[in-house]
Amino acid sequence: MDVIILSIGFRPNMGGLETHLTDLINELKKRLVVLVVTLSPITTDIKAKMVEKGNNLTIWRVPWLGKGLFYKLQKYPLLEFFYLMPPMFFGLLMALLKHPEVKVIHAQGLTGVIPGGILGKIFRKKVIVSTHFVYNFKHDFFSKFAKWAFNLADRILCVSIKSGEEMEENGIPRSKIGKCAYWVDLRKFKPINKNVSKNNLDWAKKFSVLFVGRLVKEKGISELMGSIKFMNKDINLYVAGDGPLKEKVVILGKKYKNFVYLGLVDNTKMPIYYSAADIVIVPSYDETLGRVGMEALACSTPVIATDKGGIREVVSNDVGVLIDLSPKNIANAINMLYKDKNKYNKMEKGARRHISELYSSKNINIFIKEYGF
């Protein structure tokens, strides 16, 4: 083993972190031997093997109880950390005992950096941590705790400029901060004729807006649902995902004919959905970078997103619209692109080129360099 990837989530869990790690590992295993230490799925009811082996890749999934607690504890970062950290610590300890030859521990987020940092020092391994969130430090106890935790790592790879800035503002030495490079699999996420895609999905030939993500407050799902009454009635709004607010989404779908709940969609099918949509909406309260936006743009679909966090690094004015989050602002931006065909067409034509220039798989070289291989 060359590298251990330590993460609370991995496939078949679905989300931005899991998709990024799949892309990362697919490139890493072309050059290195990788062990993923993760938890059994805690956000879905999907079953997964405890041990999975493939070409240059082994996956260990540590069993853990209390799936429902994950969403309930999101408002309490420290409690969530102490809920998730013990199985991570145990799994990493077993991995290091079995594979003392490992050179690098690559931890994901705050939950991974403490077991990674502590055990990395004991076993004398290089420890790298990637941030996948903007933590919005408030100079309270949590901020001090996070500063101590992240300083356990040798390098901190921040997913966006804003993430790096907040680390530095919270007292992390600039010399420790690098870039956690994301990318899109451009062979997978590519444009498919919209009419063909709509036919494959049995979508009406109307102008279509698509939301993809967890159905939680932080993703702006309530504001999105509120926007439907301000939207042109000739526009269909589709929602794909799962989470605590699912019931409210289902109820709204019964009230409005142009609001459709799709359920949980497998990531392998997403290029069809992105291509069928005329717009993809990312109304998050604070998006660290915006995986969904990247994938949509790679499929030549313009994006409307909340002007928060790192999303502005993905969505420029040439390929999308950034808004202040509110139901009316969401609807106004959608209605504007629906009416202004020239503006929409320019965005559509430039979207894939924009992503290809910034977020291709060449970014794997950033990780290889950080690992020291």
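Surface patches here are built from residues with over 30% relative accessible area and no salt bridge, joining like charges within 9 Å and nonpolar side chains (Val, Leu, Ile, Met, Phe, Trp, Tyr) within 5 Å. By that rule, Phe90, Met94 and Leu97 make a nonpolar patch of about 290 Å². The model is predicted, so local features need pLDDT of at least 70 and side-chain atom pairs count only at pLDDT 80 or more, while totals for chains, interfaces and linings use all residues. Residues are numbered from 1 along each chain as its sequence is written, and side-chain values use heavy atoms, leaving out hydrogens and water.

**The patch**
- Met94 belongs to helix H3 (residues 77–98), helices being DSSP runs (H or I) of at least four residues and strands (E) of at least two, numbered from the N terminus.
- Met94 is partly exposed at 32% relative accessibility, a class between buried (under 20%) and exposed (over 50%), with a 1.4 Å probe and protein chains only.

**Aromatic pairs**
- The whole structure holds 18 aromatic pairs, meaning Phe, Tyr or Trp (six-membered) rings with centres within 6.5 Å; planes under 30 degrees apart are stacked, over 60 edge-to-face and the rest tilted.
- Phe81 and Phe82 pair edge-to-face, because their planes meet at 70° with ring centres 5.0 Å apart.
- Phe81 is buried at 4% relative accessible area, whereas Phe82 is exposed at 51%.
- Phe189 and Tyr274 form a tilted pair, with centres 6.1 Å apart and planes at 55°.
- Phe189 sits in the loop between strand E8 (177–179) and helix H7 (194–201) and Tyr274 in helix H10 (residues 270–276), so this pair ties together parts 85 residues apart in sequence.
- Phe189 and Tyr274 are both buried.

**A cluster**
- One aromatic cluster brings together Phe81, Phe82, Phe141, Phe145 and Trp148.

Definitions and conventions: Accessible areas come from the Shrake-Rupley method with a 1.4 Å probe; for residues, only the protein chains shown count as cover. A salt bridge is a side-chain nitrogen of Lys or Arg within 4 Å of a carboxyl oxygen of Asp or Glu.
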